[in-house]
Amino acid sequence: MKNSLKRIKGTIKNLLYGTMVGVFSMACNNSTETLSMEVEVVKVPDTSEVRNFYYAGNRAPLQPSTLIKLPVGDIKPHGWLKEYLNRQKNGLTGRLNEISAWLQKENNAWLDENGQGEWGWEEVPYWLKGYANIGYILDDESIIEEAKIWIDGAIASQQENGFFGPNLAWESYMSEESQTKERMAEKLEKRDYWANMIMLYCLQSYYEYTQDQRVIDMMTKYFKYQLNVPDENFLSETQYWQRVRAGDNLYSVIWLYNRTGEEWLLELAEKIHRNTAPWGERGHSLEAIGNPKEVREGMEWPDWYGELIDWHNVNVAQGFREPAQYYQLSGNKQDIEATYDNFHIIRKYFGQVPGGMYGGDENSRPGYDDPRQGVETCGIVEQMNSDEHLLRITGDIFWADHAEEVAFNTYPAAVAPDFKSLRYITSPNMVLNDSENHSPGIDNPGPYLMMNPFSSRCCQHNHAQGWPYFVENLWMATPDNGLAAVLYAANTVTAKVGTKGGEVSITSNTNYPFEDTLNFEIALETPDEFPLYFRIPGWANNASISVNGKPVEAQLASGNYIKLKREWKDKDIVQLVLPMALDVKIWEKNHHSASVNYGPLTFSLKIGENYIQKETEKNVQHDSKWQEGANVEEWPSFEIHPTTPWNYGLVLQSDPEASFEIEHRSWPKDDFPFTPESTPIVLKTKAKKIPEWTLDQYGLAGELSDSPVKTETQSETVELIPMGAARLRISAFPVIGEGNDAKEWE
């Protein structure tokens, strides 16, 4: 751990000082003209002397923004990413307001001027984060109009003292026996700000799209109210979620400061950090850690459990970034280092698995760290959001790589292909989805594995943000009035660049991550000089780039940006090639299991999937509710059962390239490559069945044994498919071998 943290801190030092890796120059032929171009390979864009003219980055005295988010709607997806948003729009996200009890308008606290009503709390803004932004991105007027009803309701709910939103909304999250006068008095004194933190995201997106001044006025009044709340009543521990997730409150305060410059907002930012759970500290007592705690029978509590203030999977995915967010105000490098440390601590003990996430179903529990442990869909999308935040703060390509790792390999499998149901828990090794209780194999008792449109009330609504936010962060503005391509998928971005205030449109044509070539075509009314930055992922060795067919002579080191600054013209074309190579990773701290990567994709065993329809009403979690009159039969639930064996170990040769055959197949006609049948890349390799590896007493894939595993079964050829296309999956494989044969992979 010490060595890995030392490497991380070295990386941070380079990031904070904008280390330049190399400087090059070249002449580039554009038609018959010879144009000069400045070429640099940089760790991060330079923030030392310039500020973007057009987009709101950090104002002084905040640390300057390395990358700046573009307004929602400025990036339009194409290809498989657009298809995903359309499936969301026509599926659960787009129609959730027809069925979810928490989204019904009648007696809804979010639509009441006094914040009174039966239905309130986190569900409306969770859903609205993704729902509204899909409307803005796809220019869907019906969605935009529906979203505005809820935005207007939130604004109209602001009280004279500045508070807004649901006042108590008892029935939505409290049992009747808890609704006492004493509890009401306590809650009015020590407010729950958590749901409002989410709604602030929605209001910011709405402002980006409309420039409606009401948002600025409302947020200003609300934050003045928060500033005046005594510390002892602010972000109180009596309201569990808000204290561990208050980095979201801090984010919104900084967002407003960057638009108004009112200095008292920095005082509020300090107050929020002061009262937030201490994500930057270590050595917490068990009593100080707020999540429900369980240790495996026969184990004692390990000392390392005090290294994080909370181990709830979603709290970690959101809360771990708070020190880096505060770094923008403090300028203290230890704050940003704390976020990197948080990221690696949860993965050291529970994330020695492929797919980018960790075991937390619902809480991460000592002794439960096998690849069959899972993570909530909420945790997945919140991790993607955190990666995008941290990419903007640090510029570190590490966060872009990780956002793609989760987006491509874990998130797609959490949702049914038609986007009409989802599951609460998704695991790297998951060979059966049914409606049975799998506790204590997983943390929560109940039907938490099946695809169900009504379970759970958090993920049912919060899933919506994943792909829209990914779209919004494909490109970012840079301090020197350029653009950076930081996440990759087919899209068109339109943004202001250069010194003249003109607009450029850049269309990226690609099937990435299923192919290695990305073409960027530039559209300009008049030529203009500005820089373009292109991310070279950490896994991409031997990358190359060309402009108008002429190679750029530069060493494109992985984990850096290639910066091209020149006078760009209409129809200029940049081609970026990121060669993908096979890589077998051995997880030595998880039984020396193996996972297989090809570029940004991780691969899983192809398992036959039999979808068995179930009655939703009989297979929901205890807190599931739907609107009166909702056609529940139109929204069935599904178990997924395997139809082929899954208990294989890989037979690996010393050279991973020789162990696998890569087969490229035709691109799916429906532009949706995330099913076993439609994936355009398949790996073929040798494997052997392990007869003793079966479902355990909890109905889960049995925990892994140490590799190498000895078996007398015959070698077979099996197919591996991208992890995101496999809703039943083995992604962390035992390795077949004798003695120390497998150890050479370490």
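What is the handedness of the crossing of α9 and α11? The crossing is left-handed, a term for a near helix turned anticlockwise from the far one by less than a right angle, with right-handed used if the turn is clockwise. The model is predicted; local features need pLDDT of at least 70, side-chain atom pairs count only at pLDDT 80 or more, and totals for chains, interfaces and linings use all residues. Residues are numbered from 1 along each chain as its sequence is written, and side-chain values use heavy atoms, with hydrogens and water left out.

Helix α9 spans residues 213–228 and helix α11 residues 247–260. Helices (H or I, at least four residues) and strands (E, at least two) are DSSP runs, numbered from the N terminus. The axes of α9 and α11 lie 11 Å apart, and the packing angle is about 125°. Axes are lines fitted to C-alpha atoms, for helices over the stretch in contact; angles run from 0 to 180 degrees between N-to-C directions. The two helices, α9 and α11, are therefore oblique to each other. Angles under 35 degrees count as roughly parallel, over 145 as roughly antiparallel, 65 to 115 as roughly perpendicular and the rest as oblique. From α9, the contact (heavy atoms within 4.5 Å) draws on I216, M219, T220, F223 and Q226. From α11, N249, S252, V253, W255, L256 and T260 take part. Six of the residues in this contact of α9 with α11 are nonpolar, five are polar and none is charged. Here Ala, Val, Leu, Ile, Met, Phe, Trp, Tyr, Cys and Pro count as nonpolar, Asp, Glu, Lys and Arg as charged, and the others, Gly among them, as polar.

The crossing of α16 and α17 is left-handed. On α16, the contact residues are I380, Q383, M384, D387, L390, L391 and T394. They meet W399, A400, H402, A403, V406 and A407 of α17. By class, this contact of α16 with α17 has nine nonpolar, three polar and one charged residues.

Helix α17 also holds D401. D401 is buried, at 19% relative accessible area; buried means under 20%, exposed over 50%, partly exposed in between (1.4 Å probe, protein chains only). D401 and I536 are 135 residues apart in sequence, yet 9.4 Å apart in space, C-alpha to C-alpha. Neighbours within four places in sequence aside, D401 contacts R535, P537, G538 and W539.

Side chains of opposite charge can pair when their charged atoms come close. The structure holds 30 salt bridges, each a side-chain nitrogen of Lys or Arg within 4 Å of a carboxyl oxygen of Asp or Glu. One of them joins E703 and R372 (3.9 Å, N to O). E703 sits in the loop between β25 (681–689) and β26 (715–722), and R372 in the loop between α15 (333–350) and β5 (375–376), 331 residues apart. E703 is partly exposed at 30% relative accessible area. R372 is buried at 3%.

R566 and D572 form another salt bridge, with the closest N and O atoms 3.4 Å apart. Both residues, R566 and D572, are buried. In the bridge of K606 with E719, the closest N and O atoms are 3.7 Å apart. K606 lies in the loop between β20 (601–605) and β21 (609–614), and E719 in strand β26, 113 residues apart. K606 is partly exposed at 32%. E719 is partly exposed at 22%. Salt bridges that share partners join K606, E663, R665, K684 and E719 into one network.
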